[in-house]
Amino acid sequence: MNHFTIFASKNDVDDIQDKIAEVFAKGYTIEPSDSGYLLKSKGLFKKSRCSITVLFEDTNPEYFAQNIPGMMGYYDKIPFQDEDLKEQVMIQISVFNTVIAIEMDKEITEDHMQLFTRLLARIGGVGFLPDGTLLDQSGSVIVYPNGESGPANFRPQACTRKIRSQEVTSEQGETRKNRTIAFLTDKAIPYVTSLPQLPPLEDCRFKSQEEIAKRAVALLIVIQFACDVAQNGNIEESRECFTNMLCTYGVQESLTEHEKFFLESQHPSAQDAVNISWQYEAYWTLIWALGLVEELDFPDDVCDCEYAVQVVSRCETFEEFYKQTVLRSKEEILDEADKIYRLHWACVDSRINGQVAPLSLNESVVMERRRGLFWMMGYQDEEWDTISMDT
């Protein structure tokens with residue numbers, strides 16, 4: 001074994017370097033690295049190196065979005081001896097926002113483990129061993145990889161920010177969640193019951209019909225520019241054309257800040273162009289909500305881009321486009337949001353475990369649908385470009 005990882009849920013992360021320095025105070029040198037710190041020692045770490053990688057959810061959201069669901073899936077499959085302990089462990093995993101990964105180029109000795117568990121105690125959190133054993137902050141075993149309970153008297157701990165964003169349960173939310181689970185079960189798609197409910201209707205801040213319609217038109221126009229950029233078209237001609245189109249429909253203010261920057265950039269990024277082009281799938285949820293798409297098909301393939309363009313291009317003004325829309329009910333939108341949320345978990349779980357996504361689910365389609373649906377329901381007041389993709 002040459003890995004030891006600390007997972008924690010912390011408000012204050014500014015003192016982590018100080019805590020590392022406190023623990024490795026004798027006979028070490030510490031150097032900053034791209035991802036954390038490199039420790040060298042003439043004593044304990046003689047002729048060996050110890051790298052410490054520190055990751056925070058705020059600055060590394062993709063890591064947490066990709067790895068925490070897999071961790072939850074791993075422990076969900078373990079046959080815990082104590083079901084109450086399993087629930088506590090799953091709750092704890094769901095609120096992790098800090099990771100300290102320690103890697104040595106040689107086997108970890110008992111002396112090393114004493115240092116690492118001392119750091120665990122300073123940080124406060126849960127220790128993870130490569131075989132799946134979990135330790136509490138004192139170094140006592142919480143659970144062994146076979147599901148057997150350890151001696152630790154474990155209770156989850158979360159930073160206040162995570163607590164505030166924790167699941168709000170309701171009868172409505174539970175009914176919706178169970179309806180989605182029935183859908184997943186019917187299709188033999190894996191799921192975890194620990195994935196939280198989405199908020200009830202009264203706790204959401206749904207966008208208005210006009211907001212959704214303007215966002216749809218603005219997004220479609222910037223997608224066309226992105227497609228031209230991705231295909232190495234004449235950028236200046238394309239920029240002028242689509243900027244004029246935004247003005248014609250009067251939807252300039254419905255662009256995101258990122259889209260405005262992309263549209264105005266003298267050298268728009270090819271990767272940004274690809275990313276924005278994928279948002280056809282998010283746009284598809286908007287025109288579905290506006291009654292212009294009959295249903296959201298199973299997300300295993302891309303949408304009908306030709307039709308997606310036509311629903312706007314056949315209208316000469318925004319008013320003409322708006323008159324053909326009929327907003328679906330909030331219940332329908334929230335039902336689809338719950339479904340895509342749990343399908344996203346299935347995508348992430350299969351990817352992390354090196355498996356093919358069930359029923360050929362297309363994770364890119366799923367993520368963009370989630371962006372559109374979660375934006376319309378006003379999930380946690382998140383902006384379009386920063387919709388959380390955690391599962």
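The second largest pocket of this predicted model is lined by 15 residues, and Lys207, Thr256, Trp375, Glu383 and Trp384 are the ones that lie nearest its centre. Two elements, α7 (209–230) and α9, each give two or more residues to that lining. The volume of this pocket is about 360 Å³, and its lining is made up of ten charged, three nonpolar and two polar residues.

**Overall architecture**

- The chain comprises 391 residues, 50% of which are buried.
- Its secondary structure consists of 15 helices and eight strands.
- Along the principal axes, the C-alpha atoms occupy a box of roughly 75 × 50 × 35 Å.

**The enclosed cavity**

- One cavity of 30 Å³ or more is present in the structure.
- The largest cavity holds about 40 Å³ of space.
- Its lining consists of Ile181, Leu184, Tyr191, Val192, Leu195, Arg342 and Trp345.
- The elements supplying two or more residues to this lining are α6 (171–186) and α14 (330–352).
- By class, six of the lining residues are nonpolar and one is charged, with no polar residue among them.

**Nonpolar cores**

- The largest nonpolar core contains 71 residues, and Tyr283, Phe321, Phe374 and Met377 have the most contacts inside it.
- Helix α7 makes the greatest contribution to this core, with 14 residues.
- Methionine 377 is in contact with Leu198, Pro199, Cys204, Arg205, Phe206, Leu334 and Ala337, when neighbours within four places in sequence are set aside.
- A second, separate core has 25 residues, including Phe24, Ile100, Met113 and Leu135.

**Phenylalanine 262**

- Phenylalanine 262 belongs to helix α9, which spans residues 257–264.
- This residue is classed as buried because its relative accessibility is 1%, which lies under the 20% limit for that class.
- Beyond residues up to four places away in sequence, phenylalanine 262 touches Val222, Phe225, Ala226, Val229, Pro268, Ser269, Asp272, Ala273 and Ile276.
- Phenylalanine 262 and valine 222 are 40 residues apart along the chain, and 8.8 Å separates their C-alpha atoms.
- Helix α9, where phenylalanine 262 is found, is also one of the elements that give two or more residues to the lining of the second largest pocket.

**Threonine 285**

- Threonine 285 lies in helix α11, which covers residues 280–289.
- With a relative accessible area of 0%, threonine 285 is buried, so the value falls under the 20% cut-off.
- Apart from neighbours within four places in sequence, threonine 285 is in contact with Leu296, Arg369, Gly372, Leu373 and Met376.

How values were computed:
Residues are numbered from 1 along each chain as its sequence is written. This is a predicted model: local features need pLDDT of at least 70, side-chain atom pairs count only at pLDDT 80 or more; totals for chains, interfaces and linings use all residues. Side-chain values use heavy atoms; hydrogens and water are left out. On a 1 Å grid over the protein atoms alone, a cavity is a set of points where a 1.4 Å probe fits but cannot get out, and a pocket is an open set with protein on both sides within 12 Å along at least five of seven lines; lining residues have an atom within 4 Å of a point. Grid points are joined across faces, edges and corners, and a volume is the space filled by probe spheres set on the points. Helices (H or I, at least four residues) and strands (E, at least two) are DSSP runs, numbered from the N terminus. Ala, Val, Leu, Ile, Met, Phe, Trp, Tyr, Cys and Pro count as nonpolar, Asp, Glu, Lys and Arg as charged, and the others, Gly among them, as polar. Buried means under 20% relative accessible area, exposed over 50%, partly exposed in between (1.4 Å probe, protein chains only). Contact means heavy atoms within 4.5 Å. A nonpolar core is a set of buried Ala, Val, Leu, Ile, Met, Phe, Trp, Tyr and Cys residues joined through side-chain atoms within 4.5 Å.
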